Amino acid sequence: MKLATTRLAAAFVAAGALTAPAYAQQLTIGLKSEATSMDPQFHNLSTNTQVLLNVFEGLTKQDAVQRLEPSLATEWEAVDDTTWRFTLREGVKFHNGSDFTARDVIYTMCRVPLVENSPSSYTIYTGTMTDVAADGDHAVIITTDGPDPLLPTELASLPILSADALGAEDEVTYAQGGCEGMGEVPQSPAFNSPDVAVGTGPYTLDEFTRGNQLVMSRFEGYWGDAPNWERVVMRPISSDGPRVAALLSGDVDMIESPPIQDIPRIEQGGFKIVDALSNRIIYLAMDQEGEAPSLGGTNGENPLLDQKVRQAISLAINREAIAERIMGGFAVPAGELLPPPMFGTSDRDVDPYDPERAKELLAEAGYPDGFQITLGTPNDRYINDEQVAQAVAQMLARVGIQTTVDAMTASQFFSRRNAQEFPIYLAGWGAASGEMSSPLKSLLATYDKDAGMGVTNAGRYSNAEFDEILREAMTTIDDAERETLLQQAGTIALDEFGIIPLHYEQTVWAMKPELSYEPRVDQYTIASQVESSGEGSN
Amino acid sequence: MIVYLVRRLGQSLIAVVAMAVLVFLGVYAIGNPVDVLINPEANQAEVAAVTQRLGLDKPLWEQFVIFIGNLLQGDLGNSFVYGRPAVEIILERLPATMELAFVALVLAVVIGVPLGVLAGLKPDSIGGRSIMAGSILGFSLPNFWQGMLLILVFAVMLGWLPAGGRGQTVEVLGMRLSLFTWDGLQHLILPALNLALFKMSLVIRLARANTREVALQDYVKFARAKGLSARRVVTVHVLKNIMIPVVTILGLELGSMVAFAVVTETVFAWPGMGKLLIDSINLLDRPLIVAYLMLTVLIIVTINFVVDILYSFLDPRVRLSEVKG
């Protein structure tokens, strides 16, 4: 270790001597994936959001543990159940020098449905807005068609555009189904130009070469704390091995999600690892709707309909062992769908590992000899997903449930999962909003196309009481009241073993020792939040 | 001759059509793109809206008819992910792949031919044997593993070269090339070497076999008898004659190098067409995958077609037998 430090120090001296001033203050990050467009309203997906949050900002923002903070809005309040009033920050400039006013907010909301060919539209945030009106230059009143307590949270993911840079008229008025004064609305490809991709964020866009790099430089007129880096380069390196190699060889200063198998090697090289619990839960979902496919030894019955069987499955799993041995310690056994103390969690105990009790429960349910089942899992979506599924299968086999693992690439897994082809499957859920209604609404609410509930509830768990409480929570503006309702709903579903939480993934970053980064629960890598702690060569 | 041409053209067309069907069905089988593209928080109505906009709600046969209809008009569709014409996005990546393949080709010839000739002239020497052993390694070790090893040695351990990515580019003839900047060249060496290794082994073996044959020919013996220096005999008399088969093979291999630099580009994060293909497969960007494969088919079918035509000019037997058959 001593030797390594010395050698490292020598390397820094050498690097310091060689580095030309032109490269001073530059941060290069190796990302796992690339933004599909520089238009912040084109593709609503976290890989785009994390990159674009350097250039653009929303009215609100989430800190490292997804608590809501003021950003372009300094404060907000619910005037009544369907009206929100946002006070806008004064003195904020866009990269092109124009002032940030209510007009920009209205323009932003108006443009969302006008973006063509969007693979995943931001209308999921603006769909409920019946009116967006200015109240002077520095306040906006948003009216929704029903109570929408999550609106301020969701607006953190909706970056504000510059009405001037995009060619809006002087007066922009909001109307659902067609705003006025929009002018010629630039489409997404136009955003490759720094003249159009104008935000209020700490960095301005310099250059975006698809597949190769994204270059940004410091915005001197930024309203907040001046960012640390003069220039930031983000490079997409999608394969794990090459991404680690790029860090080890000094090509990049920091990488996101290094494979956990390589972490000892990276630490040996003198690099720093930071990690934190993420908002992503890895869970097992079970078919709870009539006849399940791919079962054996059950005389055509679906044993998963029996709560005792579901409980037996949960008790048969040694979560500690999975977190320690398969996840290399980069996971924490889970008792609910979001790590406490996030909003809506109730500090529920993790189910114990008790194979004896599991066998008893199976016998009570009428399956003393167990049965055969197929466990579906992706093999390239979550950290070590297939290995986790294999371990679960072995643990289930020990209590008599003969489990075959059916692993496949994520794209195929999602299609087959949504077609309900698996009696039991392993998957993950990251709560983008950072609170409990996100997993409850998608994973446990009764599947209902018209209401837009239970989208990812492919096991079709359904409980009327749960649905009722959740619906009430989702229309309750008061935070304390809403949290209690969410806790109640979560407890109902988990008491029935409607879903089996396995573990919370930990997100890992690796970087040069002189850098520091506060790890984010939402797994975002945001360049402006990377700090330089030492005087180092950079 | 005309009959032969028409028949060959017909065969090429059938190959293209067969590939179009296979590619379309194959891509259709690998899952629903909407499941991958859309934000997991989107509700069923939004999923349905995207599905409809991408035309994925229609039955398979109808999608196929639309696809063929557009294909006949030269339109390969819009990328699901980028919302722009697929061909445009692929062509954007073409220069990166072309320069990689070109440099790899040069490396394969410049290193491969002299080594092959050496091994051919002195087949039983230690040098000759080691060259042949090396070429077997080049053939049989997997490409991605060679790439990782190159990165490990030259980037991580020695720190001489960058581990991946493309360097600074300059605009040459309307294309952005990194070949003419120092930074660009540094980035180019490792991936080009990786891509060249297999072809290099091929060239070594070809050059060696031909050298052994040519070295025994009368004109070489005569040149020696005339008292020409060994150097002149090798560079003029041997080299010239072994280059014909080498050039023929490499011409054909260039097509496959451009089309299938996939592994190298992935390992070195090289922003070329192959990397684009892999990314598109992960994102299930069907139009891009189909467009890429169709372009590849077109390139290879065209090269083969041209080669066949050239053969028929060079070798009258081909023409005659084809007319009769």
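Helices (H or I, at least four residues) and strands (E, at least two) are DSSP runs, numbered from the N terminus. This is a predicted model, in which local features need pLDDT of at least 70, side-chain atom pairs count only at pLDDT 80 or more, and totals for chains, interfaces and linings use all residues. Residues are numbered from 1 along each chain as its sequence is written, and chains are lettered from A in the order in which they are written.

**Helix pair in chain A**

- The axes (lines fitted to C-alpha atoms over the stretch in contact, with angles from 0 to 180 degrees between N-to-C directions) of H13(A), residues 437-444, and H15(A), residues 479-495, come within 10 Å and cross at roughly 40 degrees.
- H13(A) is therefore oblique to H15(A); angles under 35 degrees count as roughly parallel, over 145 as roughly antiparallel, 65 to 115 as roughly perpendicular and the rest as oblique.
- Ser437(A), Leu440(A) and Leu444(A) of H13(A) meet Leu486(A), Ala489(A), Gly490(A) and Ala493(A) of H15(A), contact requiring C-beta atoms, placed from the backbone, within 7 Å.
- This contact of H13(A) with H15(A) comprises five nonpolar, two polar and no charged residues; Ala, Val, Leu, Ile, Met, Phe, Trp, Tyr, Cys and Pro count as nonpolar, Asp, Glu, Lys and Arg as charged, and the others, Gly among them, as polar.

**Interface of chains A and B**

- In chain A, 40 residues are in contact with 44 residues of chain B.
- Elements giving two or more residues to the chain A side are H4 (123-126), H6 (240-248), H12 (410-418) and H13 of chain A.
- That side of chain A has 12 nonpolar, 23 polar and five charged residues.

**Annotated segments of chain B**

- An unreviewed UniProt entry places "transmembrane region" at several stretches of chain B, including residues 100-121 and 133-160.
- Residues 100-121 of chain B are 100% helix and 0% strand, with end C-alpha atoms 31 Å apart.
- Residues 133-160 of chain B are 82% helix and 0% strand, with end C-alpha atoms 27 Å apart.

Definitions and conventions
Contact = placed C-beta atoms within 7 Å. UniProt positions renumbered as here; feature names shortened; annotations may be inferred.
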